[in-house]
Amino acid sequence: MFPTGTGMGPLPPRKGFSGVVNVVDEDPELARHLSGEGLESARRDAVARLVIVEVGQWFPSGQLPAEAGALGLLLLEGVIVRSVSVGGRQGLELFGAGDLVRPFEPAGESRVIVPAEVGWSALTPTRLALLDSRVTRRMCAYPELIDQLIGRIERRSSTHALRLTIIQQPRLSTRVHLLLWHLADRFGRAQEEGVVMPLPLSHELIAQLVGAQRPSVSRAVKELERTEVVARRPDGSWWLSGQPPLVPDAEAIP
């Protein structure tokens, strides 16, 4: 049940945690380059504390104190939202299964000129594995696992850059349509007549993701609904039909 030969022993209980979880069993893609004895050894060592976050605001700094050597939190299931507020305006970033997040950086660790307020919340019930310093020491024996985790960070950076490009589109309805397809690429489920994106995104959340005001986003969504390329389902999820919109060349825009 617990790793042997690592000096780990059973993990002591800690407030705010919900038992333990095997990271490789939960996220087999991490061990895609391991096989045989190496895979079995990694499975024995890949035990971490489980963190469960209910829908709503999340205050990780009180639950997860900063610790030197910790890799972060590996999101196993659900969607976490990080909000960054500057001057009364707010931007959002979404994290899903497979993402590695570090919501417990020490205060004052980074020096910035523009002050910002950072908040966290769970959009859906969420499960995360805490890759603390003990887990880090064990996982360093498997560079294939570390390589996969670093790749996740690069993927998130590329995804964030793509979203920044999407919000540069001048037409708001195109911006919203592209954003929904962008999220569907990560969170959507293909069906015979379209794609279902199960995220319960409100117009307010979409507005913060595309850098617009909620009333304007509501009008843009209605425009998309009239053309039957987007629909909000009764459970709050989204349905997309057809293909992502074709974006005209910037030089062709009057």
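How many helices and strands does the protein have? In this predicted model, residues are numbered from 1 along each chain as its sequence is written, and local features need pLDDT of at least 70. Side-chain atom pairs count only at pLDDT 80 or more, whereas totals for chains, interfaces and linings use all residues; side-chain values use heavy atoms, with hydrogens and water left out.

The protein has eight helices and 13 strands. Helices (H or I, at least four residues) and strands (E, at least two) are DSSP runs, numbered from the N terminus. Of the 254 residues, 43% are buried, where buried means under 20% relative accessible area, exposed over 50%, and partly exposed in between (1.4 Å probe, protein chains only). The protein exposes about 14,000 Å², and carbon and sulfur atoms supply 53% of that area. These areas come from the Shrake-Rupley method with a 1.4 Å probe; for residues, only the protein chains shown count as cover. Among contacts (heavy atoms within 4.5 Å) between residues at least 6 apart in sequence, 74% join residues at least 24 apart.

Five strands form an open sheet in the order β1-β2-β9-β4-β7, with antiparallel pairing. Two strands are taken to pair if DSSP finds at least two bridges between them. Strands β1 (20-22) and β7 (100-101) stand at the edges with a single partner strand each, so one side of each is left without a neighbour in the sheet. Strand β1 is joined to β2 by three bridges, and Val-21 has Ala-48 of β2 as its bridge partner. Six of the seven residues of β2 are buried, so this strand is largely enclosed by the rest of the structure. Five bridges connect β2 with β9, and Val-51 stands opposite Leu-128 in β9. Strand β9 is also joined by five bridges to β4 (residues 72-77), again antiparallel; here Leu-74 stands opposite Ala-129.

Strand β9 spans residues 126-131 and includes Thr-126. This threonine counts as buried because its relative accessibility is 1%. A polar atom of its side chain lies 2.7 Å from the backbone oxygen of Thr-124. Leaving aside neighbours within four places in sequence, Thr-126 is in contact with Val-51, Ile-52, Val-53, Leu-75, Glu-77, Gly-78, Val-79 and Ile-80.

In soluble globular proteins, nonpolar side chains tend to be buried together. A nonpolar core is defined here as a set of buried Ala, Val, Leu, Ile, Met, Phe, Trp, Tyr and Cys residues joined through side-chain atoms within 4.5 Å. The largest such core has 30 residues, of which Val-176, Leu-180, Met-197, Leu-201, Ile-206 and Val-217 touch the most other members. At least two residues of this core are supplied by each of β6 (89-95), α6 (172-187), β11 (194-197), α7 (203-210), α8 (214-226) and β13 (238-240). Helix α6 gives the largest share, eight residues. Beyond residues up to four places away in sequence, Leu-201 touches Leu-94, Leu-123, Leu-180, Leu-183, Ile-206, Leu-209, Arg-232, Gly-236 and Trp-238. A second, separate core of 20 residues includes Val-21, Ala-42, Tyr-142 and Leu-145.

Helix α2 (residues 36-45) has Ser-41, Ala-42 and Asp-45 as its buried residues. They cover an arc of only 100° around the axis, which puts them on the same side of α2; the arc is that of the directions from the helix axis to the C-beta atoms. The buried residues of α2 pack against α1 (23-26), β2 (47-53), α4 (133-139) and α5 (143-166). Arg-43 is also located in helix α2, but counts as partly exposed because its relative accessibility is 28%. Arg-43 and Asn-22 are 21 residues apart in sequence, and their C-alpha atoms are 7.1 Å apart. Leaving aside neighbours within four places in sequence, Arg-43 is in contact with Asn-22, Val-24 and Asp-25.

Glu-228 is located in the loop between α8 and β12 (230-232). Although Glu-228 is not a glycine, it has a positive phi of about 60°. Glu-228 is exposed, with a relative accessible area of 60%.

Technical notes
A polar contact is a pair of N or O atoms within 3.5 Å; within protein, one must be able to donate a hydrogen and the other to accept it, and residues adjacent in sequence count only if both atoms are side-chain atoms.
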